[in-house]
Amino acid sequence: MNRRKFIRRSAQVSALAVTPIGSVFAQNNTIQPQEENNHILPKHLKKGAKVGLIAPGYALSDKALQNAITNVKAMGFEPVYTSRISGNYGYFSNTDKARVEDIHEMFLNPEIDAIFCARGGYGCTRILKDINFDYIQQNPKIILGFSDITALLNSIYQKTGIVTFHGPVGTTLNNDFNKLETSRILENPSNKIIVTTEKFSASTTQSDSTFENYVITPGTATGRLVGGNLSLLSAMTGTDFDVDYTDKIVFIEEIDEDPYRVDRMLTQLLNSKTMKYAKGIVLGVFKGCDDPKRSNSFSLKEVILDRIKTLNIPAVYGFPIGHVDHNITLPVGIEARLNADTYSLELLENSVS
């Protein structure tokens with residue numbers, strides 16, 4: 001089907017008319033990093049809600065865009081997007097300027113109820129400095145994604161106090177598990193939601209060791225959730241957008257990295273200013289990370305045990321987070337309780353209003 005048939009013109013709103021989108025690129029933000037107790041809850045989604053699709057990183061094919069549209073519609077929402085989503089500027093979906101403009105427009109447009117990233121892929125760290133976080137703070141909305149979107153989710157939470165959501169992108173809302181897990185978080189304005197890991201079968205673990213569930217350090221811990229993709233958390237370390245891990249439950253996922261690369265990135269986090277003050281660690285399935293190219297390599301599990309045990313805080317491996325078929329949705333900024341012994345994570349606060 002022709003992609004153009006799907007394109008909808010974004011609503012013309014007074015906020016956009018008064019302040020042209022192009023004029024706000026790279027302007028200074030006035031807000032300061034938010035206090036932990038001042039977090040802001042975006043409104044929960046209802047069936048029929050308008051969901052803005054953006055591609056803030058890598059290029060998006062016409063087929064991928066159509067898949068994302070189909071998936072969002074199947075969840076009962078109305079997808080809306082601009083022509084910027086598929087400008088295909090080199091390996092990016094569009095220029096840095098256009099990708100920032102799309103983010104701004106989706107937050108400023110009052111007709112858009114939530115924002116789903118259509119896909120991940122490199123590009124978000126390039127545009128963080130140009131995002132106007134004032135616009136976002138003044139217009140709190142659900143924003144959902146994973147992988148490279150890690151940079152956006154944690155930066156928005158830290159700069160504005162708005163709770164963000166690490167979960168499927170538009171193209172991976174393609175199975176019942178992902179749709180149901182996303183719906184129960186984004187459409188349910190209540191707390192006491194229990195998130196548990198999948199228990200993988202012996203045959204699955206034997207064919208792929210990265211699907212093994214295991215306790216790294218037993219115990220329970222309580223703290224606000226932050227985290228995402230290891231490569232992005234590592235890349236943000238030492239920058240103005242470095243994640244503050246103090247008193248946090250940190251969730252981490254990765255895909256297709258050699259064990260020594262995982263070792264290097266975990267070591268960088270351990271050497272950051274605040275990781276030593278984290279309260280607990282939840283690791284996803286690091287799919288494709290236990291196939292070293294060297295015969296004398298440590299295994300992924302050996303690397304993880306060696307690096308994470310040094311923190312001496314409750315920690316588990318094997319949650320369905322990130323680059324796996326089943327990808328749970330986790331709110332960034334919400335108080336949660338990790339029970340490493342039962343492989344469970346309990347959300348102790350509302351994540352939407």
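View A. Glu335 is partly exposed, at a relative accessible area of 23% (buried is under 20%, exposed over 50%, partly exposed in between; 1.4 Å probe, protein chains only). The model is predicted: local features need pLDDT of at least 70 and side-chain atom pairs count only at pLDDT 80 or more, while totals for chains, interfaces and linings use all residues. Residues are numbered from 1 along each chain as its sequence is written, and side-chain values use heavy atoms, without hydrogens and water. Glu335 lies in strand β13, residues 335-339 (strands, E, at least two residues, and helices, H or I, at least four, are DSSP runs numbered from the N terminus). Leaving aside residues up to four places away in sequence, Glu335 touches Thr222, Gly223, Arg224, Glu346, Leu347, Leu348 and Glu349 (contact means heavy atoms within 4.5 Å).

**View B. Helix α10, residues 259-270****.** The buried residues of α10 are Pro259, Val262, Met265, Leu266, Leu269 and Leu270. They cover an arc of only 145° around the axis, so they are on the same side of α10 (the arc is taken from the directions from the helix axis to the C-beta atoms). Their cover includes α9 (230-236), β9 (248-253) and α11 (300-308).

**View C. Tyr122 in a loop.** Tyr122 sits in the loop between β3 (114-117) and α4 (124-127). Its relative accessibility is 38%, so Tyr122 counts as partly exposed.

Key:
Expected span 1.5 Å × (residues − 1).
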